[in-house]
Amino acid sequence: MGRHAALTIHFIGAGPGAADLMTLRGRDLIAAAPVCLYAGSLVPPEVLTWCPPDARLVDTADLDLDAITAELVAATEAGQDVARLHSGDPSLYSAMAEQMRRLDAAAVPYDVTPGVPAYAAAAAALKRELTVPGVGQSVLLSRISAASTPMPAGEDLATLAKTRTTLVLHLAVQRIEQVVADLLPEYGPDTPVAVVARASRPDELILRGTLADIADTVQAAGVVRTAVIVVGDVLTAGQFPDSHLYSTSRCRD
């Protein structure tokens, strides 16, 4: 595997759902790993078909951090490479950091292969650029505080809303009413909102609306997980200046 040959734990972004959105590097690492750890509820089963026929497959859905770490360390001690699959891109909400911290303490080597993040798949499903000239040039990725790890000070949704930038929320659709309540004072009821559930999968669902009605739409559709919320005027922007990238003035420079 070239520069990966000496490494043992490969954290791999499995993408948003469609198996063919996996990177070639990720696919090749999976095909060469005798052990594969994956979240059965999130990683598409088609991805597992790339594992060697005799690979040991471990569904981590019901494992805690200690058990997952033990699996990774045990494979290393046995001289086996591991494909550790995370949905989307492992740089976002993957809980990879605490696994790497424990591997560092155990002196176990690893590397990271990026994947297509859920928000990119959602934007593709919406057929929208999230950075539209003159409308929005920043994208804020976040979630909301719930029963999971609390948000750091100053990162609560009501505070982030003051930026009025294009907002992408993960792990939040099950609390859509709270999302709307936190955003309304700054964004206003007419701000466009889109919810993309199961982006890139065969059962992908796109819901569109505004902050005034999106909560009712989401609840009527029964969407409670595996969804991305996008908020901002870029969703409906039709009149905006062309970017400088392909301008005639740039071509003359």
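How many bridges pair strand S1 with S5, and in which sense? Strand S1 (residues 9–13) and S5 are joined in the parallel sense over four bridges, and one of the residues involved is Ile12, whose bridge partner in S5 is Thr113. Strands here (E, at least two residues) and helices (H or I, at least four) are DSSP runs numbered from the N terminus, and two strands pair if DSSP finds at least two bridges between them.

A quick word on the model: it is predicted, with local features needing pLDDT of at least 70 and side-chain atom pairs counting only at pLDDT 80 or more, while totals for chains, interfaces and linings use all residues. Residues are numbered from 1 along each chain as its sequence is written, and side-chain values use heavy atoms, leaving out hydrogens and water.

Zooming out, five strands make up an open, parallel sheet, in the order S3-S2-S4-S1-S5. S3 (56–59) and S5 (110–113) sit at the edges with a single partner strand each, so one side of each has no neighbour in the sheet. From one strand to the next, the twist averages 20°.

Then there's the aromatic side: a search of the whole structure turns up one aromatic pair. Phe11 belongs to strand S1 and Tyr110 to strand S5, 99 residues apart. Phe11 is buried, at 0% relative accessibility, whereas Tyr110 is partly exposed at 23% (buried means under 20% relative accessible area, exposed over 50%, partly exposed in between, with a 1.4 Å probe and protein chains only).

Definitions and conventions:
Axes are lines fitted to C-alpha atoms, for helices over the stretch in contact, and angles run from 0 to 180 degrees between N-to-C directions. Rings of Phe, Tyr and Trp (its six-membered ring) pair if their centres lie within 6.5 Å; planes under 30 degrees apart count as stacked, over 60 as edge-to-face and the rest as tilted.
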